[in-house]
Structure formats: structure tokens, C-alpha cells
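Please open the model in your viewer and keep the selection panel at hand.

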Amino acid sequence: MKIRPLKEEDIEFVYEIEKECFPKGGWTKEQFLYELNENPFANVCVIEDDNHIVGYVDWWITYEQAQLANIAVKVDHRKLGIGQTLLQYVIDDAIMHECENISLEVRVSNQQAIQLYEKNGFINVNIRKSYYDDGENAYLMVKPIGGLS
């Protein structure tokens, strides 16, 4: 497995994974392009298996805060530790940037993701009501990582 920065020619592959993983409504190609080319806080990487993109992660570093914006792994590549690898990559980057915490929103119905986040020290701190376009609530989860020592 190899993690590398997203390139514009990867957008179609990433978008296909997005549609597969988030059938209730996910990001558009334009949103991925915005993250890649216009959002100065965004970091977007893909993970490859045998030179095929099997997942991606997008996170923002703003001052002392990190925000996990999007993470997904192809359905046929789940339960192989790829999500854990991507999440740890973000955690390591946030620590390197001396962030105080990492936050994220996750669908209340996405038990698999919630378990991954809890295993990595994320705490459910609030509910964002009707957060998603289809009206589903999201948990706001935060992982304290300390910031400056």
C-alpha cells in the first residue's frame, strides 16, 4: 500500500469510490477539484494497492485544529486495515503540525466508521441535527492530541 497526494487525473477514480461508499449523497467531482486546487487548508491523499486507488482521505489543518473532511475505502477493500492506515496518516500529520485536536462528523448510522474512530481515541461530543442532505444526524467526534508540548 502506498499513500500519495491526490492528482487531478485521480479525481474520476476518487469520485467513483465516493459514489460507491456514500450512496445517500456524497461529494461531487467539483468539490474534490476545489479541495485539490483552491482550498489552502486541504490535504488530500489517495492510497493505492498495486497501483490502483482503493481509498482516499481529505483533512484540513487550520491553525491548531485538524478536521477530517472525508475518508473512504472501496467496499471490496474494506476490513484490510486501509481505513486505519489512512486515519493514522491524518493523526500523524496533525501531531506533526502540533494541532490540539482532530474533529470529524460521521453519520449516526455509520457504525463501522464510528467503531474505527472510537478505537483511535475519538470521543462523541455532540450531535449535529439534520447534518446531511437526507436529514440524517451526524455525531461530532473529537480526538484530543495535545498541541504544543
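Select helix α1, residues 11–21, in this predicted model: I11, V14, Y15, I17, E18 and C21 are buried there (under 20% relative accessible area with a 1.4 Å probe, protein chains only; exposed is over 50%, partly exposed in between). Because these residues cover an arc of only 160 degrees around the axis, they lie on the same side of α1; the arc is taken from the directions from the helix axis to the C-beta atoms. Helices (H or I, at least four residues) and strands (E, at least two) are DSSP runs, numbered from the N terminus.

Residues are numbered from 1 along each chain as its sequence is written. Local features need pLDDT of at least 70 and side-chain atom pairs 80 or more, while totals for chains, interfaces and linings use all residues; side-chain values use heavy atoms, without hydrogens and water.

Next, display what covers the buried residues of α1, including α2, β2, β3 and β4; contact means heavy atoms within 4.5 Å.

Now select the strands. Seven of them form an open, mixed sheet in the order β1-β2-β3-β4-β5-β7-β6, where pairing requires at least two DSSP bridges between two strands. β1 (2–5) and β6 (123–128) stand at the edges, each with a single partner strand, so one side of each lacks a neighbour in the sheet.

Finally, select R107 and Y132. R107 lies over the face of Y132, at 4.1 Å from the ring centre; the rule requires NZ of Lys or CZ of Arg within 6 Å of the ring centre and within 35 degrees of the ring normal.
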